[in-house]
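Please keep the sequence and the model in view while reading.

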Amino acid sequence: MSNSRRRFLHYAIGSSLGTVALGWLADFSSQAQALDLDQFCLRYPYNSRCVSYLPGTVAVDPAGNAYSVSTLLAQHTAGDRVIAEGLEKPAFIVITDGPVIAPYGLSAVCTHLGCIVDWNGEAFVCPCHGSRYDALGQVTRGPAPKALALITVATNDDRVGLLDQPPAEDPRELEREVGGAHPTCV
Ligand code: FES
């Protein structure tokens, strides 16, 4: 191989690797910025950077259509739990007094062996081995070993976002603090 061809190949390979690395870095950086903006806008939703930003992934119905705040509140009443996709596994959006969409939701994944629980209007029921959870996802009948995981639900304008992380305030703690029914749950 001639020297000029060898130099050309070195240049071509080096430049391709550089492009891939730059692309990866740009992708990583935009993901990191998105993550930061998620946390920032959850904490400071009225900041100018967050005016049109929806934290998390868009919540969609089982048919894949994006939920809107207005539709959810028109079709549901306080106390309802609405199944939503968007995260790796399904979760429930919680409608509370107002009605409004609660800033928390519940994973639909049973903590026994991972089946998807159903909401029957009063409790979450696992179709696999019969575990039951109350409206806040706390176990009322085993074999589930622990409560359904809490997630964060964000809204912006008419959009609904889901984040696979605990909410800023734990509704179960609030329930324990008031010593009975959760103030925003019926
Ligand atoms: S997987 Fe839910 S009770 Fe077993």
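Cys50 counts as buried, because its relative accessibility is 2% and buried means under 20% relative accessible area. The model in which this value was computed is a predicted one. The partner of Cys50 is Cys41, and a disulfide joins the two with a distance of 2.1 Å from S to S. Cys41 is likewise buried, at a relative accessibility of 4%. The angle about the S-S bond is -85°, and the link of Cys41 and Cys50 is left-handed.

In general, a disulfide is a covalent bond that connects the sulfur atoms of two cysteines.

## The pair Cys115 and Cys128

A search of the whole structure finds two disulfides, and one of them joins Cys115 to Cys128, with 1.9 Å from S to S. Cys115 lies in the loop between strand S4 (100-107) and strand S5 (118-119), while Cys128 lies in the loop between strand S6 (124-125) and strand S7 (132-133), so the pair ties together parts that are 13 residues apart in sequence. The link of Cys115 and Cys128 is left-handed, with -95° about the S-S bond. Cys128 itself counts as partly exposed, at 37% relative accessibility.

When the bonded cysteines are counted along the chain, the disulfides follow the pattern 1-2, 3-4.

Two further residues complete this account: Cys110 is buried, with a relative accessible area of 4%, and Cys126 is buried as well, with a relative accessible area of 5%.

Terms used. Residues are numbered from 1 along each chain as its sequence is written. This is a predicted model: local features need pLDDT of at least 70, side-chain atom pairs count only at pLDDT 80 or more; totals for chains, interfaces and linings use all residues. Side-chain values use heavy atoms; hydrogens and water are left out. A disulfide is a pair of cysteine sulfur atoms within 2.5 Å. Buried means under 20% relative accessible area, exposed over 50%, partly exposed in between (1.4 Å probe, protein chains only). Helices (H or I, at least four residues) and strands (E, at least two) are DSSP runs, numbered from the N terminus.
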